[in-house]
Amino acid sequence: MVGRANIIMVLGFAIVLAYVTMNLNRYSTSAVGNMSSYYEATAAHSLALAGANAGLAKIYQDTTWDGSMSETLDDPVMPGSFSTELIDLGGFRKMLRSVSSYSSSAAGVLHDTIDVYFNTRRKNSYTLYAWLTNNTGNVFWSDGDTVWGRAHSNGNVHISGSPVFMDKVTTSKRFDPPFVGKGTNQAIFKNGYETGIASVELPSDLSELVAASTSGGRRYTDDIDVTLLPGTLVNNDGIALVQDLSTGAIDTISLSGGSFNGVIVGNGKVSVAGVLDGSLSIASLQSVSVKNDITYERNPRYGTSDDLLGLIAETDIVIADNAANRSNCEVQGCLFARTGSLKAENLSSLPVCGTLNTFGSIIQNTEQEVGLYTAKGSGKPTLTNGFAKDFRYDLRLADNNVRPPYFPGYYVKAYAISNWWESYRISSYD
């Protein structure tokens with residue numbers, strides 16, 4: 001009896017062991033198949049990514065390229081190919097599509113797709129920069145000069161001493177002297193620098209502002225003087241008093257008025273001073289003169305503020321030579337000199353006037369000195385005429401949607417990637 005029971009037990013164990021062995025063999029075979037499927041799916045996706053990156057490299061070299069390209073990998077380990085095509089979707093939108101083909105051992109040919117969408121006309125505000133110049137002429141940044149915010153020049157950046165740049169500095173050319181920390185180039189870069197990047201071009205005219213001034217704004221044919229006054233009530237914006245200097249007539253503009261779009265344009269010279277309460281762009285088709293401090297009613301450095309000013313000139317923005325500006329000058333706003341410069345009037349005959357403090361951004365075609373320096377004693381430059389520079393950035397302007405009314409903008413040269421979509425084959429595992 002005991003012998004028969006032992007035989008039955010042995011037979012039972014043998015059957016169980018055979019069943020387990022059979023399942024282990026099946027799972028081992030499935031594991032190999034699953035790994036093979038995963039490898040092939042990954043290979044198909046990698047080929048599509050390779051095609052997308054090859055297309056991006058082609059576009060980076062030449063944004064006028066508008067075609068297709070393909071590549072076959074003659075590789076026994078990874079037999080496959082990709083085809084990449086740039087498709088015009090209209091409305092300043094394009095799509096780069098990369099499709100892979102990979103020969104699978106079990107599923108035939110596998111395909112994966114990468115779609116990269118571009119916005120070819122993304123517009124940025126120049127106010128993204130604290131300081132931007134098309135060319136720097138022979139102007140040097142020196143001791144006592146400080147820039148808060150991003151700075152860029154399409155030309156060389158000249159250094160003589162130890163100016164301080166609080167944010168990243170970029171130039172389409174180089175520094176002069178070229179090596180930071182050597183010779184007279186002792187500049188202090190708190191957030192780094194980069195040379196040889198793409199230039200940021202200035203617009204060919206101020207037509208957008210002119211159009212806005214005749215459709216909801218104000219346009220004046222003669223020289224004008226603008227005085228900014230804060231509102232009398234807490235929730236009211238202020239006013240702009242615009243005096244026609246040829247007739248003496250005064251136009252009072254409420255910045256709270258629903259029919260006013262926030263743009264004032266003068267065909268002649270425009271002088272400005274006062275306290276801004278609201279959002280306003282003041283432009284001249286000649287030059288803008290700062291005759292005294294221009295400040296915000298609510299300073300955004302010390303709390304929330306909706307005050308925002310643009311001073312735009314076809315030629316120069318000039319710090320006037322007068323008694324009010326002989327002891328420092330403060331300008332809060334976004335300054336834009338399309339063909340000219342920010343400069344100090346009669347600079348060579350000015351005494352030392354303290355510091356030109358700006359809060360906002362400065363964009364100009366050609367940089368000019370607002371202060372003259374002479375090296376004395378130890379060789380460090382000393383201010384002899386005009387202003388030292390303290391340019392501070394309004395951090396609100398880092399948002400591309402925050403700018404004075406109709407303030408000029410530029411189109412990026414490279415395509416901006418707006419979306420990136422990837423399809424990835426999900427294997428069916430046994």
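Arg301 lies over the face of Phe359, at 4.6 Å from the ring centre, where a charge is taken to sit over a ring if NZ of Lys or CZ of Arg is within 6 Å of the ring centre and within 35 degrees of the ring normal. The structure is a predicted model, in which local features need pLDDT of at least 70 and side-chain atom pairs count only at pLDDT 80 or more, while totals for chains, interfaces and linings use all residues. Residues are numbered from 1 along each chain as its sequence is written, and side-chain values use heavy atoms, with hydrogens and water left out.

A charged end is also placed over Trp141, with that of Lys389 sitting 4.8 Å from the ring centre. Trp141 itself is buried, at 0% relative accessibility (buried means under 20% relative accessible area, exposed over 50%, and partly exposed in between, with a 1.4 Å probe and protein chains only).

Nine aromatic pairs are found in the structure; rings of Phe, Tyr and Trp (its six-membered ring) pair if their centres lie within 6.5 Å, and planes under 30 degrees apart count as stacked, over 60 as edge-to-face and the rest as tilted. Trp141 and Phe165 form an edge-to-face pair, with 5.4 Å from centre to centre and 65 degrees between the planes. This pair links distant parts of the chain, 24 residues apart, with Trp141 in strand 8 (residues 140-142) and Phe165 in strand 12 (residues 164-165); strands (E, at least two residues) are DSSP runs numbered from the N terminus. Phe165 is buried, with a relative accessible area of 1%. The pair of Phe175 and Phe189 is tilted, at 5.3 Å centre to centre and 55 degrees between the planes. Because Phe175 lies in strand 14 (residues 175-176) and Phe189 in strand 15 (residues 188-189), the pair ties together parts that are 14 residues apart in sequence. Phe175 is buried at 1% relative accessibility, and Phe189 counts as buried at 16%.

Methods: Helices (H or I, at least four residues) and strands (E, at least two) are DSSP runs, numbered from the N terminus.
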